[in-house]
Amino acid sequence: MPLQLAPTALSQPILPNWSFNLFQVNLGATSNAKVEQAALETVGSYGKQIGRLAEALEVVIHQLHLLDSADLSREDKDALQVFLGDVAAVRKIKSGLQS
């Protein structure tokens, strides 16, 4: 029997449900695949859409002075601070990549 240090065949799914046939990605069921595909092609990727939502929510938080609101609990304010920190971190990453 010859010495074998590594397997002759190895298969491990890293990203199940992802298919890279010219960048076709299946992320699960949708109620209207045509609308979703059109939105991805014309509006932008999910990341771009989420980024725009995050930036809009950042404006709302600041304009309504929610971090200074007596109506919010400490936990709610902490959640907003974490969210704003994430938005700022993404902004920093984006500016570093554009330089």
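This passage describes the fold, the surface and two residues of a predicted protein model. Local features need pLDDT of at least 70 and side-chain atom pairs count only at pLDDT 80 or more, while totals for chains, interfaces and linings use all residues. Residues are numbered from 1 along each chain as its sequence is written, and side-chain values use heavy atoms, with hydrogens and water left out.

The protein chain holds three helices and zero strands. Its elements follow the order α-α-α from the N terminus. Helices (H or I, at least four residues) and strands (E, at least two) are DSSP runs, numbered from the N terminus. Contacts (heavy atoms within 4.5 Å) were examined between residues at least 6 apart in sequence; 24% of them join residues at least 24 apart.

The chain has 99 residues, and 9% of them count as buried. Buried means under 20% relative accessible area, exposed over 50%, and partly exposed in between (1.4 Å probe, protein chains only). The chain exposes about 8,800 Å², with 60% supplied by carbon and sulfur atoms. Accessible areas come from the Shrake-Rupley method with a 1.4 Å probe; for residues, only the protein chains shown count as cover.

Ser69 sits in the loop between helix H2 (46-63) and helix H3 (74-98). Ser69 counts as buried because its relative accessibility is 15%. A polar atom of the Ser69 side chain lies 3.0 Å from the backbone nitrogen of Asp71.

Tyr46 belongs to helix H2. Its relative accessible area is 35%, so Tyr46 is partly exposed. The side chains of Tyr46 and Glu36 make a polar contact at 2.2 Å. A polar contact is a pair of N or O atoms within 3.5 Å; within protein, one must be able to donate a hydrogen and the other to accept it, and residues adjacent in sequence count only if both atoms are side-chain atoms.
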